[in-house]
Amino acid sequence: MKMRIGGAEVAGADERWMPVVNPATGEEIDRVPEGTLYEVDDAVKAAGDAFSSWAGRAPRERGLLLFRGAALVRERHENLARLLTMEQGKPLKDAVDEVRGFANVLEYYAALSGSLAGEYIHLGKAGDAVVAREPFGVCGAIVPWNMPALLMAWKVAPALVAGNTMVFKPASTTPLTSIRLAHILDEAGLPPGVLNVVTGRGEVVGEALVRHPGVQKISFTGDAETGLQIQELASGSLKPVTLELGGSDPMIVWKDADIEKAVAGAVRGRFYNAGQTCTAVKRLFVHQSIGEEFVRRLMEAVRTLKVGNGLSPGVDMGPLSGAPQRERIGTLMETLKNRGQGKVLTGGMPLKGPGYDAGYFYAPTLVTDVHPESALLTKEVFGPVLPVICIPDLDTAIMHANNTRFGLGASVWTHDLSVAREVFSRVRAGVVWVNRHLTLPPDIPFGGVKTSGIGSENGTQALSSYTRLRSLYIGW
Ligand code: NDP
């Protein structure tokens, strides 16, 4: 079997395949080739061959092509969303939003294509200079399984609009939507070799991409430990890297907060995508004066969440991404219970029974009275478990919020601008929301501080990050 996207083979290894399993049913829904160094090399070569002609086009021409791709994605969003739900598990309505998000990001960067410009500097008698903004060449992109379509757009769109070509590696468990999206871009008129998808294991295909001398820049989203490894691998060849890594986002609910909105924000912030989002609300701090009412209303809301197969109508939360992820959450909660490190208000167990048996479901869980050494507060927890901590004052909330090696997102729920400002200036996070959490429109740059990453995605900054500067000095 040979698969071809944009003129490059995705993988050619006839003998080796990876199953793609629906996490809601445990059933194999498809298989994709397990790529090797050979396929990476081949894809990099195809991307290298396509580069000069792609970079030589007018930026607006590249933008128009992305607009066309976005229109096709919008037309076919229902089928794409079904596929995304089947391979990843999220409810269909959220999959529809993610697929539309893919199209939004393409359109955002397509519209910016006309803004790519260098600079002219007049140096008086000493001469004149032109600063050119140029694409890198072949870029490599690696993404995880939790937001396969959106994260693909965050990397592909700015890279291609800036004139680069790309080799893209999806997660082993969720390659299908990315392959379908790449085919659609192909159909929209992307020239052969501009975007190449290689499926395969991270340690093989991912590492080969990072090491490859033909790859000029790497953009990676995933686990912090993998990110550190990638940075080390890339540093050997001084390859620039953008790293979007994990988070342990705090949400601070101040005493004047609109409780109804904050409860809804916490539920969405933590249980969207079964808690498997980098910027999910992972620790919730609520002012003690409203703590009792807030926790009661939060518990009521969490208990009404409908968990099930994302394709079933009315489902709010799907399964975890697979058996290892459910086991990790299960072990974490058992440890918490055995050590008496918290009080479980609701959930705290895998879901069993009709509709749940074959999939990887875990009950939406709320925990209070959490011990400071519990993994719920010290690690990034990628699942539907929310620890709630009452705090007496803002200093304590900010101290807890910063007590993590991560610095991705944070939110404060208040109408008091001075509180919002205090949180923004003292909490070390790449993005601080006020009366919101999770939302990341393509217009604003997004990137972590501390071990949450380096560099930014989204915004005009991401477009610039796929270019480098070269200067021309003319002495008269
Ligand atoms: P991983 O780091 O395990 O995997 C992410 C991607 O990297 C996958 O495609 C994986 O391939 C690949 N990979 C694995 N090992 C290597 C390697 N040695 N070299 C190159 N590539 C490799 O992350 P998870 O899948 O566990 O994703 C969850 C993490 O992603 C969480 O920490 C989450 O917070 C973070 N994340 C961050 C976001 C952000 O924007 N900051 C957004 C979304 C998630 P394979 O699938 O084959 O293992």
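In which loop is Asn435 found? Select Asn435: this residue is in the loop between strand 19 (431-434) and strand 20 (449-450), where helices (H or I, at least four residues) and strands (E, at least two) are DSSP runs numbered from the N terminus. The structure on display is a predicted model, in which local features need pLDDT of at least 70, side-chain atom pairs count only at pLDDT 80 or more, and totals for chains, interfaces and linings use all residues. Residues are numbered from 1 along each chain as its sequence is written, and side-chain values use heavy atoms, with hydrogens and water left out.

Remain at Asn435, which has a positive phi of about 55° although it is not a glycine. With a relative accessible area of 31%, Asn435 is partly exposed (buried means under 20% relative accessible area, exposed over 50%, and partly exposed in between, with a 1.4 Å probe and protein chains only).

Next, select Leu238, in the loop between helix 8 (224-235) and strand 11 (241-244). Leu238, again not a glycine, has a positive phi of about 55°. Because its relative accessibility is 77%, Leu238 counts as exposed.

**Helix 1**

Select residues 37-55, which form helix 1. This helix has 19 residues and reaches 26 Å from its first C-alpha to its last, close to the 27 Å expected at 1.5 Å a residue; the expected span is 1.5 Å times one less than the number of residues. Centre the view on Asp49 to find a kink of about 30° (the bend at a residue is the angle between axes fitted to the seven residues ending there and the seven starting there). Then colour the buried residues of helix 1: Glu39, Val40, Ala43, Val44, Ala46, Ala47, Ala50 and Trp54. An α-helix has 3.6 residues a turn, so residues three or four places apart point the same way.

**The second largest pocket**

Select Met147, Leu150, Leu438, Thr439 and Leu440, which are the closest to the centre of the second largest pocket among its 22 lining residues. On a 1 Å grid over the protein atoms alone, a pocket is an open set of points with protein on both sides within 12 Å along at least five of seven lines, a cavity is a set where a 1.4 Å probe fits but cannot get out, and lining residues have an atom within 4 Å of a point. About 580 Å³ of space lies in this pocket, a volume being the space filled by probe spheres set on the points, which are joined across faces, edges and corners.

Helix 4 (92-112) and helix 5 (148-161) are the elements that give two or more residues to the lining, and helix 4 supplies the largest share, six residues. Now colour domain 1 (3-245 + 452-474) and domain 2 (249-441). Both give residues to the lining, so the pocket lies between them; the domain bounds come from an automatic or database domain assignment.

**The cavities**

The structure holds two cavities of 30 Å³ or more. For the largest cavity, of about 50 Å³, select Pro250, Phe406, Gly407, Gly409 and Arg428, which lie nearest its centre among 14 lining residues. Strand 12 (249-253), strand 17 (406-407) and strand 18 (409-413) each give two or more residues to this lining.

Finish at the second largest cavity, with a volume of about 30 Å³. Residues to select in its lining include Leu151, Trp154, Cys278 and Phe446.
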